[in-house]
Protein chains: 2
Amino acid sequence: MRLYGYFRSSAAYRVRIALGLKGIVCEQVAVDLARGDHRNDDYMAIHPQGVVPTLITDQGVVLTQSLAILEFLEERYPQVPLLPSEAVARARVRSLAYIVACDIHPLQNLGVRRHLSEVAGFDARAADDWNRHWIEQGLDVLEQRLAREVETGAYCHGEAPSLADVCLVPQLYNAHRYGSDLARYPTLARIQAACDTLPAFQAAHPHRQPDTPAGFREVG
Amino acid sequence: MRLYGYFRSSAAYRVRIALGLKGIVCEQVAVDLARGDHRNDDYMAIHPQGVVPTLITDQGVVLTQSLAILEFLEERYPQVPLLPSEAVARARVRSLAYIVACDIHPLQNLGVRRHLSEVAGFDARAADDWNRHWIEQGLDVLEQRLAREVETGAYCHGEAPSLADVCLVPQLYNAHRYGSDLARYPTLARIQAACDTLPAFQAAHPHRQPDTPAGFREVG
(Lines give C-alpha, C1' and ligand atoms only; values in the text may rest on other atoms or scores of the structure.)
Protein backbone atom coordinates (compact mmCIF):
# COMPACT_ATOMS: atom_id res chain seq x y z
CA MET A 1 0.00 0.00 0.00
CA ARG A 2 1.25 3.46 -0.85
CA LEU A 3 0.07 6.85 0.43
CA TYR A 4 0.81 10.04 -1.48
CA GLY A 5 0.66 12.89 1.01
CA TYR A 6 2.27 16.03 2.36
CA PHE A 7 3.52 16.61 5.87
CA ARG A 8 0.95 19.25 6.76
CA SER A 9 -1.96 18.33 4.53
CA SER A 10 -4.61 17.68 7.12
CA ALA A 11 -6.43 15.26 4.81
CA ALA A 12 -3.24 13.17 4.50
CA TYR A 13 -2.69 13.51 8.26
CA ARG A 14 -6.12 11.91 8.86
CA VAL A 15 -5.21 8.92 6.72
CA ARG A 16 -1.82 8.53 8.43
CA ILE A 17 -3.52 8.38 11.82
CA ALA A 18 -6.04 5.76 10.66
CA LEU A 19 -3.33 3.60 9.09
CA GLY A 20 -1.37 3.77 12.32
CA LEU A 21 -4.34 2.95 14.57
CA LYS A 22 -5.15 -0.08 12.42
CA GLY A 23 -1.53 -1.16 12.26
CA ILE A 24 -1.45 -1.10 8.45
CA VAL A 25 2.01 -0.91 6.92
CA CYS A 26 2.08 1.68 4.15
CA GLU A 27 4.83 3.26 2.07
CA GLN A 28 4.66 7.06 2.12
CA VAL A 29 5.44 9.24 -0.87
CA ALA A 30 5.73 12.98 -0.33
CA VAL A 31 4.10 15.39 -2.81
CA ASP A 32 5.47 18.87 -2.15
CA LEU A 33 2.40 21.10 -2.33
CA ALA A 34 4.42 24.23 -1.56
CA ARG A 35 6.55 23.57 -4.66
CA GLY A 36 3.46 22.73 -6.76
CA ASP A 37 4.40 19.07 -7.27
CA HIS A 38 0.72 18.11 -7.06
CA ARG A 39 0.35 19.73 -10.49
CA ASN A 40 3.22 17.78 -12.04
CA ASP A 41 2.40 15.40 -14.88
CA ASP A 42 3.62 12.46 -12.81
CA TYR A 43 1.22 13.10 -9.96
CA MET A 44 -1.66 14.26 -12.16
CA ALA A 45 -1.40 10.91 -13.99
CA ILE A 46 -2.16 9.23 -10.66
CA HIS A 47 -4.76 11.71 -9.39
CA PRO A 48 -6.01 14.14 -12.08
CA GLN A 49 -7.62 16.38 -9.44
CA GLY A 50 -4.10 17.19 -8.27
CA VAL A 51 -4.74 17.01 -4.54
CA VAL A 52 -3.54 14.77 -1.73
CA PRO A 53 -3.98 12.21 -0.34
CA THR A 54 -4.07 9.33 -2.79
CA LEU A 55 -3.92 5.78 -1.51
CA ILE A 56 -2.80 2.99 -3.84
CA THR A 57 -3.88 -0.43 -2.61
CA ASP A 58 -1.72 -3.55 -2.87
CA GLN A 59 -3.89 -4.47 -5.88
CA GLY A 60 -3.02 -1.16 -7.55
CA VAL A 61 -6.43 0.45 -7.04
CA VAL A 62 -6.26 4.25 -6.78
CA LEU A 63 -8.37 5.71 -3.96
CA THR A 64 -8.94 9.42 -3.45
CA GLN A 65 -10.82 11.71 -1.04
CA SER A 66 -9.62 11.21 2.53
CA LEU A 67 -13.05 10.36 3.96
CA ALA A 68 -13.63 7.73 1.28
CA ILE A 69 -10.20 6.30 2.08
CA LEU A 70 -11.02 6.25 5.81
CA GLU A 71 -14.31 4.41 5.20
CA PHE A 72 -12.49 1.97 2.88
CA LEU A 73 -9.87 1.25 5.53
CA GLU A 74 -12.65 0.73 8.07
CA GLU A 75 -14.43 -1.77 5.81
CA ARG A 76 -11.37 -3.63 4.56
CA TYR A 77 -9.41 -3.62 7.84
CA PRO A 78 -12.06 -3.86 10.58
CA GLN A 79 -9.47 -4.57 13.27
CA VAL A 80 -9.24 -1.61 15.67
CA PRO A 81 -12.60 -0.19 14.50
CA LEU A 82 -12.87 3.57 14.04
CA LEU A 83 -16.66 3.50 13.97
CA PRO A 84 -18.92 2.04 16.67
CA SER A 85 -21.14 -0.90 15.70
CA GLU A 86 -24.59 0.65 16.17
CA ALA A 87 -26.10 2.88 13.45
CA VAL A 88 -27.06 5.87 15.64
CA ALA A 89 -23.61 5.89 17.27
CA ARG A 90 -21.98 5.64 13.84
CA ALA A 91 -24.06 8.60 12.67
CA ARG A 92 -22.89 10.59 15.68
CA VAL A 93 -19.22 9.89 14.99
CA ARG A 94 -19.64 10.68 11.30
CA SER A 95 -21.52 13.91 12.04
CA LEU A 96 -18.61 15.08 14.21
CA ALA A 97 -16.10 14.12 11.53
CA TYR A 98 -18.12 15.94 8.85
CA ILE A 99 -18.19 19.16 10.88
CA VAL A 100 -14.43 19.16 10.32
CA ALA A 101 -14.42 17.70 6.82
CA CYS A 102 -17.33 19.69 5.34
CA ASP A 103 -17.82 22.80 7.50
CA ILE A 104 -14.25 23.77 8.37
CA HIS A 105 -11.51 22.23 6.29
CA PRO A 106 -12.78 23.03 2.75
CA LEU A 107 -12.85 26.74 3.64
CA GLN A 108 -9.29 26.96 4.86
CA ASN A 109 -7.33 24.99 2.33
CA LEU A 110 -4.61 26.22 0.02
CA GLY A 111 -6.80 26.55 -3.08
CA VAL A 112 -9.23 28.85 -1.30
CA ARG A 113 -6.37 30.95 0.01
CA ARG A 114 -5.01 31.39 -3.50
CA HIS A 115 -8.41 32.27 -4.93
CA LEU A 116 -9.07 34.84 -2.19
CA SER A 117 -5.77 36.46 -3.05
CA GLU A 118 -6.71 36.60 -6.75
CA VAL A 119 -10.32 37.75 -6.59
CA ALA A 120 -10.42 39.69 -3.32
CA GLY A 121 -6.82 40.84 -2.96
CA PHE A 122 -6.43 39.13 0.39
CA ASP A 123 -2.95 39.40 1.86
CA ALA A 124 -1.55 36.79 4.25
CA ARG A 125 -3.12 38.45 7.26
CA ALA A 126 -6.61 38.67 5.69
CA ALA A 127 -6.31 35.04 4.59
CA ASP A 128 -5.31 33.97 8.11
CA ASP A 129 -8.31 35.89 9.50
CA TRP A 130 -10.53 34.11 6.99
CA ASN A 131 -9.15 30.73 8.03
CA ARG A 132 -9.57 31.49 11.72
CA HIS A 133 -13.18 32.58 11.19
CA TRP A 134 -14.20 29.20 9.75
CA ILE A 135 -12.00 27.17 12.05
CA GLU A 136 -13.36 28.84 15.17
CA GLN A 137 -16.98 28.73 14.01
CA GLY A 138 -16.65 24.98 13.49
CA LEU A 139 -14.65 24.31 16.64
CA ASP A 140 -17.25 26.26 18.66
CA VAL A 141 -19.88 23.78 17.45
CA LEU A 142 -17.66 20.81 18.21
CA GLU A 143 -16.80 22.10 21.70
CA GLN A 144 -20.47 22.72 22.47
CA ARG A 145 -21.54 19.28 21.25
CA LEU A 146 -18.70 17.33 22.81
CA ALA A 147 -19.06 19.09 26.16
CA ARG A 148 -22.81 18.42 26.28
CA GLU A 149 -23.38 15.03 24.70
CA VAL A 150 -23.24 12.06 27.05
CA GLU A 151 -21.57 9.81 24.45
CA THR A 152 -18.37 11.84 24.72
CA GLY A 153 -15.72 10.01 26.72
CA ALA A 154 -11.96 10.24 26.92
CA TYR A 155 -12.24 10.58 23.13
CA CYS A 156 -14.93 12.12 20.91
CA HIS A 157 -17.02 8.97 21.23
CA GLY A 158 -16.44 6.80 24.29
CA GLU A 159 -13.11 5.39 25.38
CA ALA A 160 -11.43 4.65 22.05
CA PRO A 161 -10.42 6.91 19.16
CA SER A 162 -12.83 7.08 16.20
CA LEU A 163 -13.09 8.78 12.83
CA ALA A 164 -14.13 11.91 14.74
CA ASP A 165 -10.78 12.08 16.56
CA VAL A 166 -8.97 11.21 13.33
CA CYS A 167 -10.48 14.35 11.76
CA LEU A 168 -10.40 16.57 14.85
CA VAL A 169 -6.71 16.34 15.71
CA PRO A 170 -5.42 17.51 12.29
CA GLN A 171 -7.91 20.37 12.40
CA LEU A 172 -6.60 21.43 15.81
CA TYR A 173 -3.10 21.45 14.34
CA ASN A 174 -4.38 23.88 11.69
CA ALA A 175 -6.18 25.95 14.32
CA HIS A 176 -2.89 26.37 16.15
CA ARG A 177 -1.12 27.15 12.89
CA TYR A 178 -3.47 30.04 12.13
CA GLY A 179 -3.33 31.46 15.64
CA SER A 180 -6.64 30.36 17.16
CA ASP A 181 -6.78 30.48 20.93
CA LEU A 182 -7.31 26.84 21.86
CA ALA A 183 -8.05 27.78 25.48
CA ARG A 184 -11.60 28.43 24.20
CA TYR A 185 -11.99 24.69 23.69
CA PRO A 186 -11.33 22.83 26.95
CA THR A 187 -13.13 19.65 25.84
CA LEU A 188 -11.31 19.54 22.51
CA ALA A 189 -8.00 20.16 24.30
CA ARG A 190 -8.69 17.31 26.71
CA ILE A 191 -9.49 14.94 23.82
CA GLN A 192 -6.39 16.06 21.93
CA ALA A 193 -4.27 15.35 25.00
CA ALA A 194 -5.70 11.82 25.12
CA CYS A 195 -4.92 11.31 21.42
CA ASP A 196 -1.42 12.68 21.90
CA THR A 197 -0.61 9.74 24.19
CA LEU A 198 -1.25 7.22 21.39
CA PRO A 199 1.66 6.14 19.15
CA ALA A 200 -0.49 6.31 15.98
CA PHE A 201 -1.29 9.97 16.57
CA GLN A 202 2.32 10.71 17.52
CA ALA A 203 3.74 9.05 14.41
CA ALA A 204 1.28 10.82 12.10
CA HIS A 205 2.08 14.32 13.36
CA PRO A 206 3.13 16.75 10.59
CA HIS A 207 6.38 17.53 12.34
CA ARG A 208 7.53 13.92 12.27
CA GLN A 209 7.17 13.03 8.57
CA PRO A 210 9.89 12.13 6.06
CA ASP A 211 9.15 15.37 4.15
CA THR A 212 8.93 17.63 7.22
CA PRO A 213 11.25 20.60 6.57
CA ALA A 214 14.07 20.99 9.05
CA GLY A 215 12.54 24.14 10.56
CA PHE A 216 9.42 22.23 11.61
CA ARG A 217 11.08 19.04 12.66
CA GLU A 218 10.79 18.03 16.30
CA VAL A 219 13.87 16.78 18.05
CA GLY A 220 13.59 13.33 19.60
CA MET B 1 -39.46 10.17 11.10
CA ARG B 2 -39.24 13.93 10.61
CA LEU B 3 -36.94 15.93 8.32
CA TYR B 4 -36.26 19.60 8.94
CA GLY B 5 -35.21 21.13 5.63
CA TYR B 6 -35.61 23.96 3.18
CA PHE B 7 -36.79 23.72 -0.40
CA ARG B 8 -33.49 24.69 -1.98
CA SER B 9 -30.99 23.57 0.64
CA SER B 10 -28.97 21.10 -1.38
CA ALA B 11 -28.05 19.13 1.76
CA ALA B 12 -31.76 18.67 2.56
CA TYR B 13 -32.42 17.86 -1.11
CA ARG B 14 -29.90 14.99 -0.88
CA VAL B 15 -31.73 13.50 2.09
CA ARG B 16 -35.13 13.87 0.40
CA ILE B 17 -33.86 11.90 -2.61
CA ALA B 18 -32.46 9.11 -0.43
CA LEU B 19 -35.67 8.83 1.60
CA GLY B 20 -37.63 8.61 -1.63
CA LEU B 21 -35.36 6.01 -3.23
CA LYS B 22 -35.62 3.84 -0.12
CA GLY B 23 -39.38 4.35 0.15
CA ILE B 24 -39.14 5.75 3.69
CA VAL B 25 -42.16 7.77 4.81
CA CYS B 26 -41.02 10.97 6.49
CA GLU B 27 -42.80 14.09 7.70
CA GLN B 28 -41.20 17.26 6.33
CA VAL B 29 -40.89 20.47 8.32
CA ALA B 30 -39.76 23.61 6.49
CA VAL B 31 -37.16 25.89 8.09
CA ASP B 32 -37.15 29.17 6.18
CA LEU B 33 -33.45 29.98 5.79
CA ALA B 34 -34.19 33.18 3.84
CA ARG B 35 -36.20 34.48 6.80
CA GLY B 36 -33.53 33.32 9.28
CA ASP B 37 -35.74 30.71 10.97
CA HIS B 38 -32.72 28.40 11.35
CA ARG B 39 -31.51 30.85 14.03
CA ASN B 40 -34.80 30.81 15.96
CA ASP B 41 -34.76 29.45 19.51
CA ASP B 42 -37.14 26.66 18.51
CA TYR B 43 -34.88 25.32 15.79
CA MET B 44 -31.64 25.99 17.66
CA ALA B 45 -33.02 23.84 20.51
CA ILE B 46 -33.20 20.95 18.03
CA HIS B 47 -29.95 21.65 16.17
CA PRO B 48 -27.68 24.18 17.93
CA GLN B 49 -25.53 24.58 14.81
CA GLY B 50 -28.56 26.23 13.17
CA VAL B 51 -28.28 24.53 9.79
CA VAL B 52 -30.43 22.10 7.84
CA PRO B 53 -31.10 19.25 7.46
CA THR B 54 -31.95 17.60 10.76
CA LEU B 55 -33.54 14.16 10.80
CA ILE B 56 -35.46 13.01 13.86
CA THR B 57 -35.85 9.24 13.97
CA ASP B 58 -39.01 7.49 15.15
CA GLN B 59 -37.17 6.91 18.43
CA GLY B 60 -36.57 10.65 18.79
CA VAL B 61 -32.87 10.56 18.00
CA VAL B 62 -31.59 13.79 16.43
CA LEU B 63 -29.28 13.25 13.43
CA THR B 64 -27.38 16.04 11.70
CA GLN B 65 -24.97 16.45 8.78
CA SER B 66 -26.49 15.23 5.53
CA LEU B 67 -23.76 12.71 4.74
CA ALA B 68 -24.03 11.16 8.21
CA ILE B 69 -27.81 10.97 7.70
CA LEU B 70 -27.33 9.32 4.30
CA GLU B 71 -24.96 6.70 5.74
CA PHE B 72 -27.40 6.11 8.63
CA LEU B 73 -30.28 5.55 6.20
CA GLU B 74 -28.08 3.17 4.21
CA GLU B 75 -27.25 1.15 7.32
CA ARG B 76 -30.70 1.16 8.92
CA TYR B 77 -32.72 0.75 5.70
CA PRO B 78 -30.57 -1.39 3.42
CA GLN B 79 -33.43 -1.96 0.96
CA VAL B 80 -32.68 -0.15 -2.32
CA PRO B 81 -28.96 0.18 -1.47
CA LEU B 82 -27.23 3.45 -2.33
CA LEU B 83 -23.75 1.98 -1.98
CA PRO B 84 -22.43 -1.07 -3.83
CA SER B 85 -21.44 -4.09 -1.75
CA GLU B 86 -17.69 -4.24 -2.48
CA ALA B 87 -15.26 -1.98 -0.61
CA VAL B 88 -13.39 -0.53 -3.62
CA ALA B 89 -16.67 0.23 -5.39
CA ARG B 90 -18.04 1.82 -2.22
CA ALA B 91 -14.90 3.96 -2.01
CA ARG B 92 -15.43 5.09 -5.60
CA VAL B 93 -19.04 6.12 -4.97
CA ARG B 94 -18.10 7.93 -1.77
CA SER B 95 -15.17 9.70 -3.44
CA LEU B 96 -17.56 11.08 -6.09
CA ALA B 97 -20.05 12.14 -3.43
CA TYR B 98 -17.31 13.86 -1.41
CA ILE B 99 -16.16 15.89 -4.42
CA VAL B 100 -19.58 17.51 -4.17
CA ALA B 101 -19.91 17.49 -0.40
CA CYS B 102 -16.36 18.59 0.52
CA ASP B 103 -14.88 20.31 -2.54
CA ILE B 104 -17.86 22.21 -3.96
CA HIS B 105 -20.84 22.67 -1.68
CA PRO B 106 -19.09 24.09 1.44
CA LEU B 107 -17.68 26.93 -0.66
CA GLN B 108 -20.96 28.07 -2.15
CA ASN B 109 -23.36 28.00 0.78
CA LEU B 110 -25.23 30.89 2.32
CA GLY B 111 -22.85 31.41 5.26
CA VAL B 112 -19.85 31.83 2.96
CA ARG B 113 -21.78 34.27 0.80
CA ARG B 114 -22.63 36.38 3.85
CA HIS B 115 -19.05 36.33 5.11
CA LEU B 116 -17.66 37.33 1.70
CA SER B 117 -20.02 40.28 1.72
CA GLU B 118 -18.84 41.31 5.20
CA VAL B 119 -15.09 40.87 4.91
CA ALA B 120 -14.49 41.38 1.18
CA GLY B 121 -17.40 43.63 0.19
CA PHE B 122 -18.65 41.13 -2.38
CA ASP B 123 -21.87 42.16 -4.11
CA ALA B 124 -24.31 39.62 -5.52
CA ARG B 125 -22.44 39.41 -8.81
CA ALA B 126 -19.04 38.81 -7.17
CA ALA B 127 -20.61 36.21 -4.90
CA ASP B 128 -22.19 34.43 -7.88
CA ASP B 129 -18.79 34.47 -9.65
CA TRP B 130 -17.24 32.95 -6.51
CA ASN B 131 -19.88 30.23 -6.42
CA ARG B 132 -19.47 29.42 -10.09
CA HIS B 133 -15.68 29.16 -9.72
CA TRP B 134 -15.93 26.39 -7.14
CA ILE B 135 -18.90 24.69 -8.73
CA GLU B 136 -17.22 24.52 -12.14
CA GLN B 137 -13.86 23.46 -10.75
CA GLY B 138 -15.56 20.54 -8.99
CA LEU B 139 -17.88 19.65 -11.85
CA ASP B 140 -14.88 19.62 -14.22
CA VAL B 141 -13.32 16.92 -12.04
CA LEU B 142 -16.55 14.95 -11.89
CA GLU B 143 -17.09 15.17 -15.66
CA GLN B 144 -13.54 14.06 -16.32
CA ARG B 145 -13.77 11.11 -13.92
CA LEU B 146 -17.25 9.97 -14.90
CA ALA B 147 -16.47 10.19 -18.63
CA ARG B 148 -13.29 8.15 -18.22
CA GLU B 149 -13.94 5.58 -15.53
CA VAL B 150 -15.36 2.26 -16.71
CA GLU B 151 -17.57 1.88 -13.63
CA THR B 152 -19.78 4.75 -14.80
CA GLY B 153 -23.05 3.50 -16.24
CA ALA B 154 -26.45 5.06 -16.75
CA TYR B 155 -25.79 6.55 -13.32
CA CYS B 156 -22.56 7.62 -11.59
CA HIS B 157 -21.86 4.01 -10.66
CA GLY B 158 -23.44 1.32 -12.80
CA GLU B 159 -27.13 1.00 -13.55
CA ALA B 160 -28.71 2.16 -10.31
CA PRO B 161 -28.58 5.47 -8.45
CA SER B 162 -26.10 5.74 -5.59
CA LEU B 163 -24.95 8.27 -3.00
CA ALA B 164 -22.94 9.88 -5.80
CA ASP B 165 -26.09 10.68 -7.80
CA VAL B 166 -27.87 11.74 -4.61
CA CYS B 167 -25.16 14.39 -4.12
CA LEU B 168 -24.60 15.26 -7.79
CA VAL B 169 -28.16 16.17 -8.78
CA PRO B 170 -28.67 18.85 -6.08
CA GLN B 171 -25.27 20.31 -7.00
CA LEU B 172 -26.32 20.54 -10.66
CA TYR B 173 -29.45 22.40 -9.53
CA ASN B 174 -27.15 24.91 -7.80
CA ALA B 175 -24.89 25.11 -10.85
CA HIS B 176 -27.90 26.07 -12.94
CA ARG B 177 -29.00 28.55 -10.29
CA TYR B 178 -25.67 30.39 -10.43
CA GLY B 179 -25.51 30.43 -14.20
CA SER B 180 -22.97 27.70 -14.99
CA ASP B 181 -23.07 26.45 -18.56
CA LEU B 182 -24.04 22.80 -18.13
CA ALA B 183 -23.26 22.06 -21.79
CA ARG B 184 -19.65 21.71 -20.57
CA TYR B 185 -20.69 18.53 -18.77
CA PRO B 186 -22.24 16.05 -21.21
CA THR B 187 -21.70 13.05 -18.95
CA LEU B 188 -23.18 14.80 -15.92
CA ALA B 189 -26.13 15.97 -18.04
CA ARG B 190 -26.74 12.42 -19.26
CA ILE B 191 -26.72 11.11 -15.69
CA GLN B 192 -29.01 13.89 -14.51
CA ALA B 193 -31.46 13.04 -17.30
CA ALA B 194 -31.49 9.41 -16.09
CA CYS B 195 -32.13 10.56 -12.49
CA ASP B 196 -34.88 12.91 -13.67
CA THR B 197 -36.91 9.91 -14.85
CA LEU B 198 -37.08 8.47 -11.31
CA PRO B 199 -40.02 9.43 -9.05
CA ALA B 200 -37.75 9.86 -6.00
CA PHE B 201 -35.64 12.50 -7.75
CA GLN B 202 -38.76 14.18 -9.17
CA ALA B 203 -40.49 14.37 -5.78
CA ALA B 204 -37.37 15.74 -4.05
CA HIS B 205 -36.88 18.60 -6.50
CA PRO B 206 -36.71 22.05 -4.83
CA HIS B 207 -39.52 23.34 -6.98
CA ARG B 208 -41.96 20.71 -5.74
CA GLN B 209 -41.71 21.10 -1.95
CA PRO B 210 -44.39 22.24 0.50
CA ASP B 211 -42.34 25.39 1.23
CA THR B 212 -41.49 26.19 -2.41
CA PRO B 213 -42.44 29.84 -2.99
CA ALA B 214 -45.07 30.37 -5.68
CA GLY B 215 -42.56 31.96 -8.05
CA PHE B 216 -40.49 28.76 -8.12
CA ARG B 217 -43.30 26.28 -8.13
CA GLU B 218 -43.70 24.08 -11.17
CA VAL B 219 -47.14 23.58 -12.56
CA GLY B 220 -48.28 19.95 -12.83
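A salt bridge here is a side-chain nitrogen of Lys or Arg within 4 Å of a carboxyl oxygen of Asp or Glu. Keep that rule at hand for this tour of a predicted model.

**Stop 1: a pair across the interface**

Select E75(A) and R94(B). They form a salt bridge, and their closest N and O atoms are 2.9 Å apart. Now widen the selection to the whole boundary between the two chains. The rule finds 8 salt bridges across the interface of chain B and chain A. Polar contacts there come to 13 residue pairs, with both residues at pLDDT 80 or more.

**Stop 2: the chain B side**

Hide chain A and colour chain B by element. Which elements give two or more residues to the side that touches chain A? They are β4 (62-64), α3 (66-76), α4 (87-104), α5 (110-120) and α6 (124-148) of chain B. Highlight α4(B) next. With 11 residues, α4(B) makes the largest contribution to this side. The side of chain B that touches chain A has 23 nonpolar, 8 polar and 9 charged residues.

**Stop 3: the interface as a whole**

Bring chain A back. In contact with each other are 40 residues of chain B and 40 residues of chain A. The size of an interface is often given as the accessible area lost when the parts come together. Between chain B and chain A, the buried area is about 3400 Å². Carbon and sulfur atoms give 67% of that area. Pick out Q65(B), Y98(B) and H115(B). This trio supplies 15% of the area that chain B buries against chain A, more than any other three residues.

**Stop 4: R14(A)**

Move to chain A and select R14(A). This arginine is in helix α1, residues 10-22 of chain A. Is R14(A) buried or exposed? R14(A) has a relative accessible area of 2%, so R14(A) is buried, the cut-off being under 20%. Show what surrounds R14(A). Beyond its neighbours within four places in sequence, its contacts are S66(A), L70(A), V100(A), A101(A), H105(A), V166(A), C167(A) and P170(A). R14(A) and A164(A) are 150 residues apart along the chain, yet their C-alpha atoms are separated by 9.9 Å.

**Stop 5: a buried pair in chain A**

Select R145(A) and E149(A). Their salt bridge has its closest N and O atoms 2.7 Å apart. R145(A) is buried at 11% relative accessible area. E149(A) also counts as buried, at 16% relative accessibility.

**Stop 6: two strands in chain B**

Go to E27(B) and R2(B). Their side chains meet in a salt bridge, 3.1 Å from N to O. E27(B) lies in strand β2 (residues 27-30) and R2(B) in strand β1 (residues 2-5) of chain B, so the pair ties together parts 25 residues apart in sequence. E27(B) is partly exposed at 45% relative accessibility. R2(B) is partly exposed too, with a relative accessible area of 32%.

**Stop 7: two helices in chain B**

Select D128(B) and R113(B). In this salt bridge the closest N and O atoms are 2.8 Å apart. Because D128(B) is in helix α6 and R113(B) in helix α5 of chain B, the pair ties together parts 15 residues apart in sequence. D128(B) is partly exposed at 22% relative accessibility. R113(B) is partly exposed, also at 22%.

**Last stop: the network**

Select E71(A), E75(A), R90(A), R94(A), E71(B), E75(B), R90(B) and R94(B). Salt bridges with shared partners join these residues into one network. Over all chains, the rule counts 32 salt bridges.

Technical notes: Residues numbered from 1 in each chain as written. Chains lettered and ligands numbered in written order. Predicted model: local features only at pLDDT ≥ 70, side-chain atom pairs only at ≥ 80, totals over all residues. Heavy atoms only, no water. Helix = DSSP H or I, 4+ residues; strand = E, 2+ residues; numbered from the N terminus. Buried < 20%, exposed > 50% of the residue type's maximum accessible area, 1.4 Å probe, protein only. Contact = heavy atoms within 4.5 Å. Buried area = accessible area lost by both parts, 1.4 Å probe. Polar contact = N/O pair within 3.5 Å; in protein donor to acceptor, adjacent residues only side chain to side chain. Nonpolar A, V, L, I, M, F, W, Y, C, P; charged D, E, K, R; others polar.
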